[in-house]
Every structure is written in C-alpha cells, then in structure tokens.
Amino acid sequence: MRITKKYLSVIFLLCLAAIRLPAQKNSMLYRPFRSHLQKGAIKDFLDEINMRSGIQVEYASVSFPPGKIVSLNNDVLTLGALLQQVLAGEKVKAIEKNDKIILIPSDVPLADDALLPLYSFFGIIGEEGSLEPLHDAVIYEPSTRKATVTNVHGYFSLQLPEGRHLLEVTYAGYKSRQVEITLHWDLRSDVFMTRKEDIPEVIVSAADEVKKNGTDKILPGQYSAYNNILGENDVLRSLFILPGVINATDATNGLLVRGGEQDGNLFLLDGNPVFNPTHMLGALSIVNKTSMRSMQLFKNDFPSRYGGRLSSVIDVNTKDGNMEKWGGEANLNFLAGSFTVEGPLKKNKTAVMLSFRHSMFTSVLDLFQKDFDNNFYDIQFKCTHLLDKNNKLMLNLYSGIDNLNLQISNNNLNNRQRWGNRIASLGWTHLLSSNAFITTTLSTSNYYNLAGFIYTNYDDSTGQPIARRSFNTYSSLAHYAARTQLEMRMTNAVKLNFGGEFAYTRIKPFESKIDSTIAIDPASFQSSTPLPFKEVTLYSEMDLAINKHFLLRPGIHFSKYRFRDYQFTSIQPRLYAVYKLSATGQIYASYSRMTQYLHLLTNPSLGINSDTWVPSTGLLDPEDSRSLDLGYTFKKKDISFTLGGYWKKMYNVTNYTEGKSFFINTDSTWEQNVQTGKGWSYGMEFMGEKSGRKLNVHIAYTLSWSWRKFDQINQGKKFPFKYDRRHNLNVAVTYKADKTKDISLLWMIASGDLFTLPEKIYPDFDNAQQISSPNDLLKSYRFIYHFGGINDYRTRPYHRLDLSASYHPPRKKRFGFNWTAGVYNVYGSPGQYSYGLEGSLHSKSLVIIMKNQLFNITPYLSTTVDF
C-alpha cells in the first residue's frame, strides 16, 4: 500500500505539471507583431522590436556579423516567428525573464523551430461519402517528424510550429491524403479519406512512432477468411487465432484469456458492458460484422479507463451511420440471415443504422448435427445527430435472445437454455477546444439466463425409472451507469486522460424450482431478494513521450464499492513502457493491477450455460490480479512478429464448495456454497504475419501454464486449471488467385483440457440385500468411487481444419457481391475440448467418457451483397 500511495503521488504530480503546460501560449514569443522592415541587419530588427512591440530584447552579450543582411518572407505574424528568421543560423539562445527576452551566446546554432510559436492543427478524420469516423488514422508531418493518431471518434490534435506544413494522412484500407496548411493560430480542418478497392491485409502505422499500446486491433475485413463459421463471419472468432486466447465450448462465452476464468473478460459494445456476448453457447458472437467499425482486445496492457475484470477487455465500436447516402449489406448462409442498412434522415446532420440477424435453415444443419436445436436473433439501432461541428449525440439500442434445446429424442426435451441481452445508451461527444475532447454516456445493460434440465428418479429396489422431473433456474442482472472522460493533448509529447463513472447494479441470482416440465416463462419463478451494489470509479493516465524512442504511460484506477453494509476500496496502478530499438524493432513492458467485484458461478450439476452472477460481499471478497508483461515486436515491410512472456497472479478466484452446487432459494446462506482461492498463470506467446497481394500467412503459438489452489480442494494442494492447455497453435493461410478469387485454410491444434476421474471403482456390498459378488450385475448395488488428485486426466489434443473459397466478382454499379463456400471441421475432429461422464446400467454408476460435438463435418455456402 505504501508503494501504491507513492505511485499515486507521482501520477498526481505528473498530471499537475502537464495541466500547466498550456501556459506556454502566454509566452512573449506568441505576441502578434509585423515588422515594417523587409530586409536589414540583425541589430535593425532587434531595435525595431524594442521600439514598437512593448517588449524588450536584450542582446548586449551577443555579437552579430555586422554585414549580414536578413530578408523576411510574408508569413511572419508573431514575435517568435520574426526572431526565428532574424536569428537563423546564429549561435544564440533566447530565454524569457522578468518580462524580457534575453539573448545569450550558445555553442550550437539556433534550432530551426526553437523560437517559433506552436499551434494546434486539429479536427476529425472520417470516411469520404459517409463521414464515418476513422479510429487510429495517422497524421504525420515529415519535416518535423511529428505524428499523432485519432481516437475512437476520429478526433486528432497535433502541435506544429508556426508556418506552412505538408502533412500525410494514412489509414489501413484507404488512399493516403496530403494536406497543406499554414499555421498562424490554432486551425481546425476535418479530413475525409477514400476507401481502396483492392488492398492486401496490412495495417498502416506512423513512420517514426513507437507502439502506443499493447492492444490487438481488428478491423471488419481483417482475418475475415478465418473467422467464418458455417458462412457467418464472426469478428469475435478472430480473437481465437491470437496467442493467449482459447475457445472453450462449455464456457458461457467460449472465450478464456491467459489462464483466467470466463467471467474475467469485459465485453463492451459501444462502451456498454454485455454480460453474455454470444449466441449458440459461444459459437457465435452478438456482433454483426456488417455493423462493426472496429474491435480492440486488451490482455496485457490495460489503460486506466478500464476496470472490473481480471483477464481482458474486448472493446467493440459500431458504425455511426452514413451521413450522406443510403446503403447497406445483407448476408445469407446456413446459420443465419442478416442485414444492415444505414443512411441520413437529414443529410450531414442526422444518420441512422439498423442491423438485424436471425438464425435459419435449422433443418439443413440437422443433416450434420443431431440433437441440437438453436434459434437466436439480435437487432441493433443507432442514431447519430450532429448538433454542430463540435457536438454529437448518439442513441444506441440493442436486443438479442437465444433459445437452445439439447438432446431431443422421441419428442422428449432433456435440456433447455434461454438467455438474452438488452442495452440502451445515450452518448454525447464535445470538442471542447483544439486540445480537449469530452465524452459522456448514460447507459443501461440487462441480462437474463433461464436454464432447465430433465432428470430421472429410479426405484432403489428395481433400478427402473419411476419419474421424470425438471430442475429450473432463472437469474437476471440490471446495470445502470453514467460516465464521462476528458482527453487533453497538452503537447505532442504529453496526453492526459481522466474521467469517472458511477454504476448501480441489481442482481436476482438464484430463483430455482423443481417441476414436472421445463419452465419457459420467467414470470413463473418465485421472487428472491435482490443483490444490489454501487461502484464509483475515478481514473487518470498520461501518455508521456520522453523522446522519439521512449514512451511511458503511467496510470491509476480508483474504485469504491458498496454492497449493503460491506464496502471495499481499490487502488489499481497501471504502467506501460515501450522503447524503440531501431526502425524495425521495439521492446515493451507493462504492469497492471485489476479488481473484479462480480463473480460468475458455474453450476456443475446443470450442464452447459448454467451460470449465475453474484456480487462481492463480506464473506466473498473481490477478485484481484497482478500481471507483468515483457516482449519484443518486429516489423519490416510485409513481415511482422511479436514475441513476449507474461506472468499473472490471481486472488479470490471462486469455486463451489465440495458437496454443494446450485442455489435453491436460500437467500441468506448462498455464500456458504462458494469458496475462494488463488490462481496463477505464466507463459510465452508468439505471433507472426506475412502480408502480400497474393499470399497472407498468420501463425500464433502459446506455451502456457495455469494453476489453482483452494484450501478445501485437493487437500489444499495446487492443481492445474481445467483449461490449462500447454500448447496452442493456429496457422491461417490465404491465397489470392486473382482480384476475384481466394482460398483460405485454418488449422489449429491444442493440448486437451483437464478433468477429474475416479482412480478406483468398487461395488458397495450390502449383505442385508444379499449383494456379495461383483460378478452378478443383475443385482441392484451401487458403485463407490475413489478420487485421487484434481484434474489429473487430460483429454486428447484437439485439432481442426477449416477450408473456404470466396468469389467476389467486379462490382456492378451500386451492388457488390461475395460468394463463399467451405467446409467446417474437414476431417470430423471430435468435440472441441468438451468431454462428459454418463451413468449406465440403470442405477449402476459405470463411468463412460463421451466426446461431445457441436458441429461435425459441415459444408456451408454463404452469399453477401452490399449496396
């Protein structure tokens, strides 16, 4: 805590110093002044300044060449610009003291921009024809070698010396632009860029920039050849081919990062949290590709504005809507049909975007996958209104629902799942000044989960089934938040972000009932006592470019949590540093502390998607983590790779207490069913890419270890995490035959998951029932299991091959088409990491290992049209 307080003090002093930086514009060098002389000796110009400007320039200690004649150009509008031209090449230095400018001798000539006033060139970078903001567009000034990038709203600000400048603006997938400006004061100029028709998959970065953060950014078209599931492009599946990220089909959202739990991922849709961002048990995300603008994954470097989870942040931003013309995109495949339409209600003033998707063709999928029935939909509506050139309002609405039925035989339903999200938000962005940008949002996010399964009661004497009953659970969560953030670009070397959030969350976690049928109506469940909590967050961070080689970003995240009478305060330091070794290589390091107040408990008795969110309480402490990262990045022309290592320690991770599982309306004792422990993970990650016009290759490999330790499990000894996959390799290749045809291959292989099996099985002999011989299987006796260690058994390695081919003919007028055909799971690899245990022989508990499959060998066809 003492170190944290010192770190907090340092951050505060740095921020205070940065806030004082704009005072430089009060410098006397910014004073407007026009000389009456067009040419003359240096002394003549200095004497004129002393006579007409009201400012004294002392130069007694400096000698100037008496015969040197200086000629001025027409761009001199300030005192600093005049002195810069007059003193150019002289070995002199200027200091401001006691309302005077004092010239003193120097060992080196005056720098080219030493006395020039700095002004801000700022504005919005957007797409030509739609005005859609472009995130991470690069603005670069070659002569001064200064650069900056846009934020998620397309805003940029770059300080340059007074005078003329020719800038280069670049963005991945768009034609570069050159912008010529003349600065005599702060200047706003919005820049709009035109999309390229045919480009290789490369990402443009500033020429001499160090890596600003450790994020993995994915654009809508990037990795599109590899994130295809049965013809449906899913941008979230792009994350599965990145190192450190694994796909777990029996987890709620299918995504696990660096040994963390499934609740350790914060998913944001336009800044709003989503508590289950998937359809089909994690096979497909709620993000419709046709509506997405960009997605970022943070798993090692966590900016201070993020909090509330331990493992990762997935930040998805959708389109604002086309401000100039109507257009859209539609897709049809075996899995779903979707469309997105966008356009102006009032040109260059108000735009809307509507995106809709619904599952379809389940009868076709039944040919390849039995006992599986799933239907879902999601719909998103967004309205963007420009109040004026500095203010924008955004209304965002989302709704999505899944219905899943499993193990259907003879019209008997054995398992039913239903879950859904509803989100609404109202955002306001305000360009406060040339170097300040504010975003403010009011939002609500609601999630519910209904799960039920059929179980059979057996007669103890005969072993025959006598009754079928259903166990049903229903939980819901409502989250309300108000947040604001101020971004200040103090200088080209210093940027400040600080803001805050107030959030109120209300959970109804464990309404349960036993019935004769599976419940389908949430209103039929009994009401239980809600679990509300509040959280207040404040944060600050600074991007500090020490020089052109070294970037440092310290930050702090402060949160205050309250649940009933329980309170908790967390101070979470963050630090990111990167050093540029050469034009092609950089090293980076980061440290993050994260705190998580929400826990996701997975019921081991109810099968898949049987999860409940619960808050931290006096008996259930918040989860906490510390993580360290160190790595090296290389990029040269069309080849790039990243090699790094990480270490993460987790505290208060949750698990059900042995012998207990689900909640049955026990409001006052549910915490006793949960125990907390420790976890840690470490490993190495490698990702390499080769990009070109014909061939693109992507390779990602992870070597990792992940452990857990609970006092009441495995005799208090550490044991491997269920998803401790030692090796994970992904290879993706795309070959472009010509401008209209390409072929893609994705192959992945990973170590199997871990599970627990009994070491010994022996019959429970009962002399009273004359059961004395294990050879007579007709007798009704039970087996007794003897378990050894936890997660001692590992499933076989999982590997899968996907193939696809795409044809996109030349565009005809306003319409563009794309056809994709492929095969998912080409050689029918058994279920992805998912194994189960099943009892047999009536009441006799023999162990049988089952390999589960979501999709077997499954061909697909997809067509997309944009207009």
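Angles between axes under 35 degrees count as roughly parallel, over 145 as roughly antiparallel, 65 to 115 as roughly perpendicular, and the rest as oblique. Keep that in mind for this predicted model, where local features need pLDDT of at least 70, side-chain atom pairs count only at pLDDT 80 or more, and totals for chains, interfaces and linings use all residues. Residues are numbered from 1 along each chain as its sequence is written, and side-chain values use heavy atoms, with hydrogens and water left out.

Start with helix α2 (residues 42-52) and helix α3 (residues 79-86), whose axes come within 10 Å and cross at roughly 165 degrees. So α2 and α3 run roughly antiparallel to each other. From α2, Ile-42, Phe-45, Leu-46 and Ile-49 meet Leu-79, Leu-82, Leu-83 and Val-86 of α3, contact meaning heavy atoms within 4.5 Å.

A cavity here is a set of points on a 1 Å grid over the protein atoms alone where a 1.4 Å probe fits but cannot get out, and lining residues have an atom within 4 Å of a point. Searching the whole structure turns up 12 cavities of 30 Å³ or more. Of its 19 lining residues, Ile-246, Arg-258, Gly-259, Ser-704 and Tyr-723 sit closest to the centre. Strand β43 (695-709) gives the most to that lining, with 4 residues; strands are DSSP runs of E, at least two residues, and helices runs of H or I, at least four.

Note on methods
Axes fitted to C-alpha atoms, helices over the stretch in contact; angles between N-to-C directions. 1 Å grid on protein atoms, 1.4 Å probe; cavity = no way out; pocket = protein on both sides within 12 Å on 5 of 7 lines; lining within 4 Å. Points joined across faces, edges and corners; volume = space filled by probe spheres on them.
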